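Colleague: I would like a close look at one part of this protein. Please keep it brisk, and take me from that part out to its surroundings.

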Amino acid sequence: MNMRRAVYWIAAVLCVALAVACFAVAFSSQQTPSTNTYAPTTTTASQTTATTFVQSEAPTTTTTVPYVSPVDFESLQKENSDIYAWIRINGTPVDYPVVQSPTDDSFYLDHDSDGDYNINGAIFSEHRYNSLDFTDPVTVLYGHNMASGEMFGEFQSLYWDRDFLLENDDITVYLPDREMHFEIFAALPYSRMHLLHYYQFQKRSAFELFINDIYSTRKLSAVLIEDRKPVFGDQVLVLSTCLSGDNRYRYLVIGVCKDNS
C-alpha cells in the first residue's frame, strides 16, 4: 500500500515538473523578436547612402553690344552713296573712303570719293568682280601711285623694308556694321594681269595657284612672310597700284583676314 502511494506521489511530481517546463518554454518564445516583414526596420550607418545636392548655377545672359563704327557712314553716304567702306593703314598715308561705282568700274580712276573729277582718283573696287562686304575669296582695291604720296603712292618706298612691313602690317577696313583686320603677308612687284579676270578665285586650284605664284617670286624688292601664307577659305585683300620705274608690273600689298568682327 505504501509502495503504491509512493509511486503516485512520484508521478504527480513528474507531472507538475513537466507542466512547469512547458510553461517556461511557451513564455520564452513570446519574448523572441518578431520577423514580421511589415515591421519598421532599423538602418545602420553603413547602409545609409548620402545624397549630395548640387545647386545649379543661375543661367548667364550674354549681352551683345551693337558695333558702332568710328566712321560716320550715314553722313558720307548722303554725300556719295558709292562709299561703302573705309581703309586705314597705320604708318602710311592710307586713310580713305572706299568706293564702288554700280555701273562704271573706271569712273573712280579720275574721280574722288565725292564723285568730283580729280586726277588722284579714289580707292575703289570693281562691281563686276567684288561684292561690298569683303567676303569674296580675293578682293582687289585700286589706288594711284601718286608722286605726292597720296593714295597708294608710298607703298613702294615703305614696304620694300621687311622691318617696316612687320611693324605696320595691319590693314583695317571699316564697314557700317563691323570692321575687318587684314595681316599683310606680301608686298611685291607683280604682273599687270587683271587678277580677278584671270583667276577664278572661287576654285581652290586657282586660289592656290595665285598664292603659290606670289610665294615663288624671287625679285629682290619682294617681301614675303612665310608663316602667314593663306589657305583656301581665307579672305584675301589685294591693294594694287602702279610700279614706279617699270610699267610692265604693278605693285601689290596683300593681306589675309585675321579678324572680322
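How many residues lie between β1 and β2 in their hairpin, and which residue in the turn has a positive phi?

Modeller: One caution before the answer. This is a predicted model. The average pLDDT of the protein is 84, and 76% of the residues score at least 70.

Now the hairpin. There are 5 residues between β1 and β2. The turn residue with a positive phi is Gly 91, at about 85°. Strand β1 covers residues 83-89, and β2 covers residues 95-99. The two strands pair in the antiparallel sense, over 5 bridges. One place to look is Ala 85, whose bridge partner in β2 is Val 98.

Follow the chain past β3. The loop between β3 and β4 (138-142) holds Asp 136. Is Asp 136 buried or exposed? It counts as buried, because its relative accessibility is 15% and the cut-off for buried is under 20%. Leave aside the neighbours within four places in sequence, and Asp 136 is in contact with Tyr 129, Asn 130, Ser 131 and Gln 235. There is also Asp 234 to consider, 98 residues away from Asp 136 along the chain. The C-alpha atoms of these two residues are separated by 9.2 Å.

Next, the aromatic side chains. The whole structure has 13 aromatic pairs. Tyr 199 and Phe 201 make one of them: the ring centres are 5.3 Å apart and the planes meet at 25°, so this pair is stacked. Tyr 199 is buried, at 6% relative accessible area. Phe 201 is buried too, at 3% relative accessibility. Phe 201 also pairs with Phe 210. Those centres are again 5.3 Å apart, but the planes lie at 75°, so the pair is edge-to-face. Why quote both values? A pair of aromatic rings is described by the distance of the centres and the angle of the planes. Phe 210 is buried, as is Phe 201. These rings belong to one aromatic cluster, formed by Tyr 190, Tyr 198, Tyr 199, Phe 201 and Phe 210.

The charged end of Lys 229 sits over the ring of Tyr 215, 5.5 Å from the ring centre.

A word on the cysteines. The disulfide count is 0. Cys 257 is buried, with a relative accessible area of 15%. Cys 242 is partly exposed, at 33% relative accessibility.

Finally, the wider view. The protein has 261 residues, and buried residues make up 40% of them. Its secondary structure comes to 6 helices and 9 strands. Among contacts with a separation of 6 or more, 62% join residues 24 or more positions apart.

Technical notes
Residues numbered from 1 in each chain as written. Predicted model: local features only at pLDDT ≥ 70, side-chain atom pairs only at ≥ 80, totals over all residues. Heavy atoms only, no water. pLDDT = per-residue confidence, 0-100. Disulfide = S-S within 2.5 Å. Buried < 20%, exposed > 50% of the residue type's maximum accessible area, 1.4 Å probe, protein only. Phe/Tyr/Trp six-rings, centres within 6.5 Å; stacked < 30°, edge-to-face > 60°. Lys NZ or Arg CZ within 6 Å of the ring centre and 35° of its normal. Helix = DSSP H or I, 4+ residues; strand = E, 2+ residues; numbered from the N terminus. Pairing = 2+ DSSP bridges. Contact = heavy atoms within 4.5 Å.
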